[in-house]
Amino acid sequence: MSKEAPLSNAERDFILEALREDVRLDGRNPDQFRPLSVSFGDEYGHVKLQLGKTSLVVRISAEVTKPRDDRPFDGLFQINLELSAMGSPAWENGRSNDLEAYVTHVLDSVVRRSNALDTESLCILKGVSCWSIRADVHVLDYDGNLTDAACIAIMTGLQHFRRPDAVVRDGQVIVYGVEERVPVALNITHKPLSITFNSYNEGKSIILDATRKEEQASEGELVIGINNGGDVCFLSKFSGAPVDPMEMVTKSTVALEKVKEINAQMEKAMQTDLAKRAKVGMADLSRAENDR
Amino acid sequence: MVGPTASLSNLSRSDGSASYKCPATGYDVLGAVNAPIELPARRDALKPEEATVEVFVKPGNTTAGVGERHVEGILRNVLSKVVLGRERGFPRRGVVITLGIVGGETVDRGDSYLTILPALLHTSLLALLSAAVPLSMTFSATLMGVDKSGAIITDLSAADAKAAASLHVLAFTSKNHLLLNESEGRFDFDTWEQVRERALSICQDMTTPGPDGDVTMGEEADGSRPEGFVRETVEDRLYKDYSWKIDSI
């Protein structure tokens with residue numbers, strides 16, 4: 001099977017008819033996200049995110065490599081998303097599909113090319129060595145709106161991640177282990193998130209955070225990448241039915257509000273986790289008893 | 001020793017799933033099974049009377065490479081022997097097993113993949129059980145190392161495995177037959193024989209019925225042995241799933 005089971009006509013009509021009356025299958029408002037929960041793993045930068053029934057794991061990792069010849073001052077940053085049969089039986093292992101290419105493109109534009117992670121701060125020694133940061137997205141369950149979920153998880157992961165400290169001494173690069181020196185946080189310039197809208201009934205109803213079934217019934221998609229300050233760094237209307245330009249303006253206000261809300265929630269979750277870690281670390285260091 | 005932790009059926013989209021965490025090596029593996037599933041044409045041409053077992057290993061923070069392909073081959077060989085691919089509804093279909101390494105250290109390129117093999121084997125077995133795929137038997141596996149002085153080490157960590165002279169992964173069926181033997185490094189046959197005996201005593205199920213049908217109880221708690229561990233995890237899950245029925249009795 002290489003295609004998601006299509007909606008039946010009756011189901012599609014039901015969704016559309018309900019949306020005409022401003023009702024969604026799960027009873028949400030048009031501008032409401034599904035419940036969003038986030039948890040952190042043992043390592044830094046290990047984020048498990050659950051958005052309704054869509055769930056994914058993001059792992060951030062760092063290694064020292066040689067910078068590219070044309071950009072000797074820049075470190076490397078790469079987002080890697082591979083859809084496997086774990087997320088949905090419709091996805092084939094080891095073979096990319098349209099969704100994968102599309103989501104990768106959006107994530108790349110919103111997070112990487114908007115310079116959310118300051119790659120210049122990743123440089124250790126000009127033209128010789130730099131950090132290469134890699135974000136791996138593992139989709140565990142797919143129930144619509146993969147783009148936004150992955151974007152939130154990657155941004156949270158980048159803020160949560162700590163890379164080992166590295167210094168240059170006499171032209172030699174020394175990388176300190178996590179035990180030797182306190183690992184350093186990455187330099188995040190701004191926090192952009194993507195917000196996806198789906199349009200129905202000739203653009204009359206536009207909803208946020210569509211589930212898989214709502215996505216299948218949708219006639220067009222509008223993705224807005226926006227940060228806390230209200231700077232739009234990505235806007236796309238790839239295909240499907242046209243959307244009124246005025247809608248794009250009003251929806252970007254909605255997107256801004258959502259981004260602020262989500263960023264605040266993620267910040268809070270992260271601070272709680274980091275405080276917990278700090279406590280454990282301190283308790284361990286200030287322990288007076290000997291190991292017998 | 002702290003035993004491994006596992007839970008079944010935690011994903012909603014796949015037919016069966018299991019998560020498994022090995023305390024010694026720190027690997028956290030998530031497995032999903034889709035079976036029986038329609039495969040794209042031509043892939044079943046070799047053995048049309050059987051189900052095709054496909055295994056996919058997805059490393060945590062690298063792209064899959066030669067090491068993953070190698071371990072996928074080992075897993076496929078073992079699991080196609082265990083899965084009853086001729087049962088009703090299975091011939092010409094696929095049993096797709098996806099294993100994601102979602103926690104723990106990364107196996108670097110060129111490092112031995114044997115350290116993670118037992119975790120992968122246990123995860124796939126639990127996921128297959130969760131998906132209710134017909135199996136001819138269950139199995140359990142263990143990783144053993146022999147250090148330079150010739151002493152056998154169990155419960156290896158990643159650092160221990162790097163220092164060991166040879167590494168062995170052995171899997172035994174629920175009937176205590178040797179199912180898989182993968183070894184790496186320099187060792188002689190006597191050492192291997194000792195490793196096998198030790199591995200068998202680690203893996204072997206203490207509650208297998210004796211020849212007279214009685215269940216001999218081991219002195220150790222069931223959950224500390226891999227075989228008993230698999231059994232216990234599945235029992236726990238069944239107890240939870242059928243709590244409506246059990247409570248009403």
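In chain A, residues 24 or more positions apart account for 72% of the contacts with a separation of 6 or more, two residues being in contact if their C-beta atoms, placed from the backbone, lie within 7 Å. The model is a predicted one, in which local features need pLDDT of at least 70 and side-chain atom pairs count only at pLDDT 80 or more, whereas totals for chains, interfaces and linings use all residues. Residues are numbered from 1 along each chain as its sequence is written, and chains are lettered from A and ligands numbered from 1 in the order in which they are written.

Chain A holds five helices and 14 strands, where helices (H or I, at least four residues) and strands (E, at least two) are DSSP runs numbered from the N terminus. Its C-alpha atoms fill a box of roughly 70 × 50 × 40 Å along the principal axes. Of the 292 residues in chain A, 38% are buried, that is, 20 or more other C-beta atoms lie within 10 Å of the residue's own, with C-beta atoms placed from the backbone.

Four strands of chain A form an open, antiparallel sheet in the order S12-S11-S13-S14, strands being paired if DSSP finds at least two bridges between them. Strand S12 (205-208) and strand S14 (232-236) of chain A each have a single partner strand, so one side of each is left without a neighbour in the sheet. Neighbouring strands of this sheet are turned by 20° against each other on average, direction ignored. Strand S11 (residues 193-200) of chain A pairs with S12(A) over four bridges in the antiparallel sense, and A:Ser199 has A:Ile206 of S12(A) as its bridge partner. Helix H3 (residues 146-160) of chain A packs on the sheet, where it touches S11 and strand S13 (220-226) of chain A, and its direction makes about 170° with that of S11(A); axes are lines fitted to C-alpha atoms, for helices over the stretch in contact, and angles run from 0 to 180 degrees between N-to-C directions.

Between the chains, 25 residues of chain A are in contact with 21 residues of chain B. Strand S3 (28-37), strand S4 (52-58) and strand S5 (94-103) of chain B each supply at least two residues of the side of chain B that touches chain A, and S5(B) gives the most to this side, with five residues.

Methods: Buried ≥ 20, exposed ≤ 12 C-beta atoms within 10 Å, placed from the backbone.
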